[in-house]
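User: I have a structure open and would like to go through it. Can you keep the answers plain?
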Amino acid sequence: MTTATSRRSDRRVSPVFVGILAVTAVTGWATWTGFAQQPGVAVFLFVTAAWIVSLCLHEYAHARTALHSGDITIGAKGYLTLNPLKYTHALLSIVLPVLFVIMGGIGLPGGAVFIERGRIRGRWRHSLISAAGPLTNVLFAIVCTAPFWLHALDGVPRDFRFALAFLALLQVTAAILNFLPVPGLDGYGVIEPWLSYNVKRQVEPFAPFGLLFVFALLWVPSLNTAFFDLIDAVLRPLGIGALDQYCGQELYRFWQGTNEFCSVSR
């Protein structure tokens, strides 16, 4: 019998994703070589494209783990093609995270792939499916910070270094926010299988508002400061200091004009 996941078209990498990878590569090269007349534009495109790539991989990790855990409908839904247009909520998965990066420099947890949980047996499998996405952000952060903690920055152009630092910041914020045990986020999905039926029933109505609640809290100045202090505490041991983070974000926001402090730092 042929299942939904046996067709090659269900697993073929989407041209949309290939195009996003191409933009990442070209703008990364432009940032590295200084080819662009306005380096901020190249950094903006490079970080944004790389961020979308990480969002696609985040959702792919959820889907692939669900497939191997028993949900054979994943392939037919297009989730294995890495095409962000196939997600249940493309607006939540791609558009809003990009807007939050532009406005606030925060890695907004992405949207959704629909998983038929009834096909999956075992609490550990359910937890692993939820954890797979943010673990992808952790892996992405490790890759972005590798040149820093490996002390391999000799010859790396400053603009590219700043871009990597800002991209790493986005990955760390996404991982930490996603792992919060708040209904609607992956962290709650990790612990949900282990909760009693009554607790899950009481919490379920709040799931659609969990992310909004988290970001409402981040508007509180003291909590916002504490959150970014935590991010800094994670990035500093990895070799990314406050200067790299700050200048990366300033360079990304090219429309605000050239920051003299970061220009001198180069």
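Analyst: Helices (H or I, at least four residues) and strands (E, at least two) are DSSP runs, numbered from the N terminus. This is a predicted model, in which local features need pLDDT of at least 70, side-chain atom pairs count only at pLDDT 80 or more, and totals for chains, interfaces and linings use all residues. Residues are numbered from 1 along each chain as its sequence is written, and side-chain values use heavy atoms, with hydrogens and water left out.

User: How many helices and strands are in the protein chain?
Analyst: The protein chain has eleven helices and zero strands. Read from the N terminus, its elements run α-α-α-α-α-α-α-α-α-α-α.

User: What share of the residues count as buried?
Analyst: Of the 266 residues, 47% count as buried. Buried means under 20% relative accessible area, exposed means over 50%, and partly exposed is in between (1.4 Å probe, protein chains only).

User: Where is Leu-82?
Analyst: Leu-82 sits in the loop between helix 2 (39–69) and helix 3 (90–104). Its phi is positive, about 65°, although Leu-82 is not a glycine. Most residues other than glycine have a negative phi.

User: Is Leu-82 buried or exposed?
Analyst: Leu-82 is buried, because its relative accessible area is 9%.

User: And what is the phi of His-151?
Analyst: The phi of His-151 is near 55°, again a positive value in a residue other than glycine. His-151 is in the loop between helix 4 (123–149) and helix 5 (158–178). With a relative accessibility of 70%, His-151 counts as exposed.

User: Changing topic. How many disulfides does the structure hold?
Analyst: Zero disulfides are found. A disulfide here is a pair of cysteine sulfur atoms within 2.5 Å.

User: Are Cys-56 and Cys-144 buried or exposed?
Analyst: Cys-56 is buried, with a relative accessible area of 0%. Cys-144 is buried too, at 4%.

User: How many residues of helix 10 are buried?
Analyst: In helix 10 (residues 242–252), eight of the eleven residues are buried, so the helix is mostly covered. Among them are Asp-244, Gln-245, Cys-247 and Glu-250.

User: What about Tyr-197: buried or exposed?
Analyst: Tyr-197 is exposed, with a relative accessible area of 58%. Tyr-197 belongs to helix 7 (residues 197–203). Its C-alpha atom is separated by 46 Å from that of Leu-45, which is 152 residues apart from Tyr-197 along the chain.

User: Last one. How many positive and negative side chains does the protein chain have?
Analyst: There are 19 positive and 14 negative side chains, and the centres of the two sets lie 13 Å apart. Lys and Arg count as positive, Asp and Glu as negative, while His and the chain ends are not counted. The place of a charge is taken as NZ of Lys, CZ of Arg, CG of Asp or CD of Glu.
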